[in-house]
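Please open the structure in your viewer and keep the selection panel at hand.

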Amino acid sequence: MIRAKQMILGVVATVAAAGAAASRAPGLATHAASAQAGAPATSVASGDAPAAPHLLSQTGLYGSDGSIGPRNLPFAPQYPLWSDGAAKSRWIQLPEGTAIDVSNIDVWRFPVGTKFWKEFAWGGRKVETRMIWKAGGRAWVFATYVWNEDQSDAAHAPEAGIMNVAEIAPGKRHSIPGTGDCLACHGGSPAVVLGFTALQLSDDRDPLAPHADPLAPGMATLRSLAEAGRLDPPREDLVSRPPRIRANDPVERAAIGYLSANCGGCHNGAGPLAHVGLDLLHDAAGGRGAPEHALRTAVGARGRYIVPGTSPDSSRIVAPGAPERSAIVQRMRSRRPSSQMPPLGTVIVDDEAVELVSRWVAGMRAPAADGGVTAQGMP
Amino acid sequence: MDKRSILTLVAAGLVSLTAAVLVARAIPTSAAEAFEAAPETSQPLSDASEAVAQNAAEPASQPAKALSPAAERGAYLVKIMGCNDCHTPWKMGPQGPEPDMSRMLSGHPQDLQIAAGPKQEGSWAWSASVTNTAFAGPWGVSFTMNLTPDPETGLGKWTADTFLQAIRTGRHEGRGRPILPPMPYPMYRNATDDDLHAVFAYLQTLPPIKNRVPQPIDLPEAQ
């Protein structure tokens, strides 16, 4: 149950540009990431970013009649993030007459004023709607809104989030993320926005992608954005040769796509965890020719996490032919706090994805000799 | 009460900065035999907090070198925040348990292997290893991190921002698994950016020690 007193609190989580070095007061909820490629999230004092509105109805998502505003385009990423089975709806609002700078195919730069919303519902009831707002040249505002009992509006959630607001399965409750949780993923990737990318909006959709919403009329895709003049430069190649994961077979394609969307926000080669050496983020530019990073950095690789019941000699991030020795599979399957992956935002195992990734791993040919990294599955 | 609430409560409520000292004081003579270097197990335990203070002030293995002003403040903060209480393995010294400053802030020793914690019974909720670097409780078993700048097993590849975000969020590297009790990050997260950066600056001046701390042990899925 959502209590009113939990809902009147609100602290904006801002992501602003790195640069200021002043000390900030204890507990102040300002954080920073950068939209610049390769720049990791950092923390700064920032008085420049505006506050998010207190109510979702004040953010521009809805028109005066309560329906979704006509300027807000729905979209459905082909590889959605697993959110414990939530029904999710997403919209983008681009300022009038603007276009997205897609000169770097993997790190899109959005015009100032761009807003994204994602609504989460379980059992037909809306629970929260998250908003990402590019409020200034390099300042991003993150906010999440918690729906009230009569589903008439949603109020800005507190900085720390709210534990256990809604039961989503027997004995399982959904928690509203705190500021740090937002940044854990969105501050870990140079793109900041994770679900609105060339791969996610490709018109060459992956039929095996788990939990993907079908494209509905009016949804934004690469083709529709290009036709509307919303991509700058126009990048005709994104329409004629839409991004697609190159893989040996359909299962591998879907597995790599799933891992890119669900793990690549942190596990990539450009963010703060680059030193870990595990890169699961699909690289649309590199993907046109080079092997997938996931194959290069995960398959056969020794990780720091040792799968329980195995030895450091046999445990691998992905052990070809052996899901039971593969940390990725076993951590996807866990919901114990120190083992589970992703480490936040989910309390229920994604059984469909575990099955998909297990099938991918089981189908790989085991290397002749146990040892170093052996990328499998690429021609 | 859910799992995360328990972790937060334990971290915030049960553990104080002096917990390690209290634990050490409470070790009975028989338990002291477990200390690797115990010279006389019948020797009465002395004031462990003095041992911390003396040793932390002058780590034997650390060469004297000029610290930046930030690192100097960091050294002071590390001393008063009790970091050595848990991140430096303890041993039995001539006056009782004391942090082994030859392994200063290198975390739970990799050669002290622990498969599972003891069962907690009655009024007891958690317990600590003889080194005061491993802790068993409702969260499973946690091991203190290697805070030295060794690139492979310590903080050598961390940035100041990673360190700051870890303390602020209570998550490993600021975005991973929860940092487990008894690490008192719920208190430390209230420190200023300057203080946390100072602590990190000082930690980066420590002699790097290669010590791969084991991953935490979760409770079984069924529990």
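Begin in chain B, where an open sheet is formed by three strands in the order S3-S4-S5, with antiparallel pairing. The model on display is a predicted one.

Select strand S3 (127-128) and strand S5 (140-143) of chain B. These two strands stand at the edges and have a single partner strand each, so one side of each lacks a neighbour in the sheet.

Remain in chain B and select helix H5 (residues 69-80) together with helix H9 (residues 193-203). Their axes come within 7 Å and cross at roughly 95°; H5(B) and H9(B) are therefore roughly perpendicular to each other. To see the contact itself, display side chains on both helices: among the residues that make it are B:Ala71, B:Gly74 and B:Val78 of H5(B), and B:His197, B:Ala201 and B:Tyr202 of H9(B). By class, the residues of this contact comprise nine nonpolar, two polar and two charged.

Now move to chain A and colour its two parts separately: domain 1 (4-240) and domain 2 (250-362). Where do the two domains of chain A meet, and how many residues of each are in contact? On the domain 1 side there are 31 residues, in contact with 29 residues of domain 2. Select helix H2 (residues 179-186) of chain A, which gives the most to the domain 1 side, with three residues. That side of domain 1 of chain A has 20 nonpolar, six polar and five charged residues.

Notes: Residues are numbered from 1 along each chain as its sequence is written. Chains are lettered from A and ligands numbered from 1 in the order in which they are written. This is a predicted model: local features need pLDDT of at least 70, side-chain atom pairs count only at pLDDT 80 or more; totals for chains, interfaces and linings use all residues. Domain bounds come from an automatic or database domain assignment. Two residues are in contact if their C-beta atoms, placed from the backbone, lie within 7 Å. Helices (H or I, at least four residues) and strands (E, at least two) are DSSP runs, numbered from the N terminus. Ala, Val, Leu, Ile, Met, Phe, Trp, Tyr, Cys and Pro count as nonpolar, Asp, Glu, Lys and Arg as charged, and the others, Gly among them, as polar. Axes are lines fitted to C-alpha atoms, for helices over the stretch in contact, and angles run from 0 to 180 degrees between N-to-C directions. Angles under 35 degrees count as roughly parallel, over 145 as roughly antiparallel, 65 to 115 as roughly perpendicular and the rest as oblique. Two strands pair if DSSP finds at least two bridges between them.
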